[in-house]
Amino acid sequence: MTQPIEDYALIGDLMTSALVGRDGSIDWLCLPHFDSAACFAKLLGDEENGHWRIAPAGAAPSEQCTRRAYVDGSLILESYWETETGTVKVTDFMPQRDTAPDVMRIVEGLDGEVTVRSTLRLRFDYGHVVPWVRRTDGHRVAVAGPDSAWFRSEPPVPTWGEANSTRSEFTVSAGQRVAFVLTWHPSHEPRPEPVDPYSALEHGLADWRAWTSKCLYEGPYREAVTRSLITLKALTYAPTGGIVAAATTSLPEEIGGVRNWDYRYCWLRDATLTLGSLLATGFLDEARAWRAWLLRAVAGDPADLQIMYGISGERRIPEVELPWLRGYASSAPVRIGNAAVDQLQLDVYGEVLDALHLARAAGIPVERHAWNIQLALLDFLSHNWRRPDEGLWEVRGPRRHFVHSKVMAWVAADRAVRTLEEHPSLPGDVERWRTMRDEVHRDVCEKGFDPERGTFTQYYGSRELDAATLLIPRVGFLPADDPRVIGTVDAVRAELGSSGLVRRYSTEGPSVDGLPGDEGAFLACSFWLVDALHLTGRGKEARALFERLLAVRNDVGLLAEEYDPVAGRQLGNFPQAFSHIGLVNTAITLGFDEEGAADAD
């Protein structure tokens, strides 16, 4: 039985992550990195594609824990199982690694006696390869090709092989603990030195709490903001500072549909929004690391700028399908890699320039070569902004003159002008960029605005709408009180609204994205609507919608990419950085004004 996406929680070590279901099963784990092949892929298939479940013996396959929660200020998950004979707690976490990645699961008896069973099915290469398992010094070691994993318990408990799985069963009473550790390493290297799980738990909790204590946000949504920031930290690849869009691939935007993509990479368009959230909440080290990753990734010929890169800045991300995985809830195909990497999306130039301008304004030291890179990007954009592109939403249909892409070209020129005005000693032709800025602005207002309906459209000459136009006042293209902005907000809300939330664009009839099927309400766009309502003086409505969005989070505070308000379930890759960035930035935008004294409702 497929668990709802919202039934999963995230654990990770800042290099990779795993999803733990309410049934006690880890159904997704890529080792050693976010974009590596999964050794647990039940999420996109079935049990034979790999998983690791710990639950009371006799628990039905669909039986779930009684309750669960993260330890405050951490990514350490505690799940409680109350049975007829007693209660146990399972603590799941991945300590920040020294050399090798570890998944640690500690079972602790709280009262009575409970017999617990662990079932481990390792399947390397996205659930495709059954490893050879042998016993060495009382531990199990699984090997297949380049992959090797060691499995042990402390103290040792009865463990045996059965039906291509490794099973353990034991009984704990109040105060007793049994820890399981799964450690991966390249099969040609010697076994890593074992890490003590109990000491790792103590240090891991201290590290997370020390990190969250830096958060400067003190508004009414602190719990939600803190959890979102922890999630963004968990999606960060620590060696490079890159932030992946999500922990998963191919979780569907429509159950049974084909809109299934790999999000385990770093998108440039996340740059400005991510930097803004990190800087505003006090996480300067993470902001510096993300900015450094950004500069390394975009270095080179501006014509070769990509919309996404690998976690270390890799450029080649070929897309292939995995036919042996049936897909989440039979939503096929399962894809790894992402063909959108080769698309032309002109908006990313604006996002990069905006992010670097924001970093400079925040006082992050700027190297001279960083400004030279920006000038090169601007020069390319000045010759190419008139071209049609695939746009923000990575459509797989024909290229068009998307309004959002043109607005972000304006942003690129605007940030260059502002930088040169604020720092006149820097090289650059400020008049050239002013001219470009004015030209783009006129072009958008003349060709991207529908005067009959009083709204900006999705692309030049269309009647379709796009939720990305909600960002027009946020980026400064027009003031929030401009009638064209207010008309756009109202039109998007009316035509793209879905039970109070917002879709990206219409998928009815011949869809602009060239794909069949439908999708849910897009959560980041719904946060943008909150921002737009607030900026246009409708603060009470903004806060009401924000509270609605907070209620969409699952029981441990996580958000996917989309939400189906009819079925009441999350859709798309999970957890989604874009959604959590939206939550943090919108909480900041609302200004912590609970009384609404400044509202014009």
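Guide: A term to begin with: rings of Phe, Tyr and Trp, the last by its six-membered ring, pair if their centres lie within 6.5 Å. By that rule the structure holds 20 aromatic pairs. Note that this is a predicted model.

Visitor: Which way are the rings of phenylalanine 170 and phenylalanine 180 set, stacked or tilted?
Guide: Tilted, because their planes stand at 45 degrees, with the ring centres 5.6 Å apart. Phenylalanine 170 belongs to strand β14 (residues 165-173) and phenylalanine 180 to strand β15 (residues 177-186), 10 residues apart. Both phenylalanine 170 and phenylalanine 180 are buried.

Visitor: What about phenylalanine 522 and phenylalanine 578?
Guide: Their centres are 6.5 Å apart and their planes are at 75 degrees, so that pair is edge-to-face. Phenylalanine 522 sits in strand β26 and phenylalanine 578 in helix α14, so the pair ties together parts 56 residues apart in sequence.

Visitor: Buried or exposed, phenylalanine 522?
Guide: Phenylalanine 522 is buried, at a relative accessible area of 3%. Phenylalanine 578 is buried too, at 8%.

Visitor: Back to phenylalanine 180. Which residues form an aromatic cluster with Phe180?
Guide: Trp52, Phe151 and Phe170 form one aromatic cluster with Phe180. The charged end of arginine 105 sits over the ring of tryptophan 52, 5.1 Å from the ring centre. Elsewhere, arginine 67 has its charged end over the ring of tyrosine 80, 4.2 Å from the centre.

Visitor: And β15, how many of its residues are buried?
Guide: 9 of the 10 residues in β15 are buried, which leaves the strand mostly covered.

Visitor: Which strands does β15 pair with?
Guide: One is strand β9 (residues 102-121), antiparallel to β15 over 7 bridges. Another is strand β12 (residues 147-154), also antiparallel, over 8 bridges. Valine 181 in β15 is the bridge partner of methionine 104, and leucine 182 in β15 stands opposite phenylalanine 151.

Visitor: New topic: α14. How many residues has it, and what is its reach?
Guide: Helix α14 (residues 577-589) has 13 residues and reaches 18 Å from its first C-alpha to its last, close to the 18 Å expected. Of those 13 residues, 11 are buried, including Phe578, His580 and Asn585.

Visitor: What do the buried ones pack against?
Guide: The buried residues of α14 pack against several elements, among them α3 (222-234), α12 (523-535), α13 (539-552) and β26 (521-522). After α14 comes glycine 591, with a positive phi near 75 degrees.

Visitor: Last one: what is the confidence like?
Guide: The mean pLDDT of the protein is 94, and 98% of its residues reach 70 or more. Over residues 594-601, pLDDT stays under 50, and the model has 13 contacts there beyond four places in sequence. Where pLDDT is low, the predicted coordinates should not be read in detail.

Methods:
Residues numbered from 1 in each chain as written. Predicted model: local features only at pLDDT ≥ 70, side-chain atom pairs only at ≥ 80, totals over all residues. Heavy atoms only, no water. Helix = DSSP H or I, 4+ residues; strand = E, 2+ residues; numbered from the N terminus. Expected span 1.5 Å × (residues − 1). Buried < 20%, exposed > 50% of the residue type's maximum accessible area, 1.4 Å probe, protein only. Contact = heavy atoms within 4.5 Å. Phe/Tyr/Trp six-rings, centres within 6.5 Å; stacked < 30°, edge-to-face > 60°. Lys NZ or Arg CZ within 6 Å of the ring centre and 35° of its normal. Pairing = 2+ DSSP bridges. pLDDT = per-residue confidence, 0-100.
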